[in-house]
Amino acid sequence: MCSVPDGKKLVRSPSGLRMVAENGAFNSPFCLEEPRWVPDKDCPRCMQCDGKFDFIRRKHHCRRCGRCFCDKCCGKKAALPRMSFVDPVRQCARCALLSHKESDFYDKQIKALLAGSSFAVTVGASDKCETMTCRLSNNHRYLFLDGESHFEVDLSGICSMQILTEASGPGGTSPRASGMLVRYKPSGSQDAQQLRLDGAAAGDQKTTTAAWLAAMHKATKLLHESRELE
């Protein structure tokens, strides 16, 4: 039996067992809501191969998109962390491919974001910067920036993000991510503010910075997808 972390609860839905936040308002912003299933009466045929359902060809619902398929087109089970399922669930081929592509984010990149990285942080048009550690909060809802001062950026308030890269090396190597520009709206404000993060110039920290920025870029894409589906 799986253990339940503090602030989480197990919920059984028609699609399977899910581990969600006790207060739904604190769900990870990367999460997707379970889709409404296409009613059985509205899908006499498989929505992929167009085979007619009968006693032999049974219908199944993809847990990610909610559409109806036959077992051949929706027979595999795959992990679906964006819907907080504890175990792999049935998905159509298209959705299973999307979930597989996202697995690297949940298996590796989100850990890098939680661990954080050091940046020289400039707020707005200021000519002063402060060395701060930037990391993702445990509930995935905020970026925490800690140095001599502390402030938080609500991920839901991010308007845009641009990855900054350094010039290619003499050997023609690909440019490496070195920082980012973030435009966001502070809580309670309608005016966007700019935040610039510049990473370390050399050493192991340079590699850590590039990995953190790559993870943040992926996180921003997932946030954008979640907003489009709302």
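This is a predicted model: local features need pLDDT of at least 70, side-chain atom pairs count only at pLDDT 80 or more; totals for chains, interfaces and linings use all residues.
**Exercise 1. Strand partners of E7**

- Step 1. Pick one bridge. Serine 118 has threonine 133 in E8 as its bridge partner.
- Step 2. Look at the turn. Six residues lie between the strands of this hairpin. Glycine 124 takes a positive phi there, near 60°.
- Step 3. Now look for E7's pairing with strand E13 (residues 193-198). Four bridges join E7 to E13, again in an antiparallel run. Valine 123 has leucine 195 in E13 as its bridge partner.

**Exercise 2. An aromatic cluster**

Task: Classify the ring pair of phenylalanine 30 and phenylalanine 105 from the distance of the centres and the angle of the planes.

Solution. 
- Step 1. Start with the count: there are four aromatic pairs.
- Step 2. Take the centres of phenylalanine 30 and phenylalanine 105. They are 5.2 Å apart. Rings pair if their centres lie within 6.5 Å, so the distance passes.
- Step 3. Take the angle. The planes stand at 80°. Angles over 60 degrees count as edge-to-face, so that is the class of this pair.
- Step 4. Phenylalanine 30 is in the loop between strand E2 (16-21) and strand E3 (60-61), and phenylalanine 105 is in helix H1 (residues 93-115), so the pair ties together parts 75 residues apart in sequence.
- Step 5. Check burial. Both phenylalanine 30 and phenylalanine 105 are buried.
- Step 6. Check tyrosine 106. Its relative accessibility is 17%, and under 20% means buried, so tyrosine 106 counts as buried.
- Step 7. Join the pairs. Phe30, Phe105 and Tyr106 form one aromatic cluster.

**Exercise 3. Two arginines**

Task: Decide whether arginine 58 is buried or exposed, and say which ring the charged end of arginine 18 sits over.

Solution. 
- Step 1. Locate arginine 58: the loop between E2 and E3.
- Step 2. Read its relative accessible area, 53%. Exposed means over 50%, so arginine 58 is exposed.
- Step 3. List its contacts, leaving out residues up to four places away in sequence. Arginine 58 touches Phe53, Phe69, Cys70 and Asp71.
- Step 4. Compare sequence and space. Arginine 58 and cysteine 70 are 12 residues apart in sequence, and their C-alpha atoms are 5.9 Å apart.
- Step 5. Turn to arginine 18. Its charged end sits over the ring of phenylalanine 85, 6.0 Å from the ring centre.

**Exercise 4. The nonpolar cores**

Task: Find how many residues the largest nonpolar core has, and which have the most contacts inside it.

Solution. 
- Step 1. Count the core: 29 residues.
- Step 2. Name those with the most contacts inside it: Phe30, Leu143, Met180 and Trp212.
- Step 3. Trace the suppliers. Elements giving at least two residues each include H1, E7, E8 and strand E9 (142-146). Helix H2 (204-229) does too. H2 gives the most, with seven residues.
- Step 4. Follow tryptophan 212. Leaving aside neighbours within four places in sequence, its contacts include Ala112, Phe119, Leu143 and Met180.
- Step 5. Look elsewhere. Another core lies apart, with 11 residues, among them Cys43, Phe53, Cys68 and Cys92.

Methods
Residues are numbered from 1 along each chain as its sequence is written. Side-chain values use heavy atoms; hydrogens and water are left out. Two strands pair if DSSP finds at least two bridges between them. Rings of Phe, Tyr and Trp (its six-membered ring) pair if their centres lie within 6.5 Å; planes under 30 degrees apart count as stacked, over 60 as edge-to-face and the rest as tilted. Buried means under 20% relative accessible area, exposed over 50%, partly exposed in between (1.4 Å probe, protein chains only). A charge sits over a ring if NZ of Lys or CZ of Arg is within 6 Å of the ring centre and within 35 degrees of the ring normal. Contact means heavy atoms within 4.5 Å. A nonpolar core is a set of buried Ala, Val, Leu, Ile, Met, Phe, Trp, Tyr and Cys residues joined through side-chain atoms within 4.5 Å.
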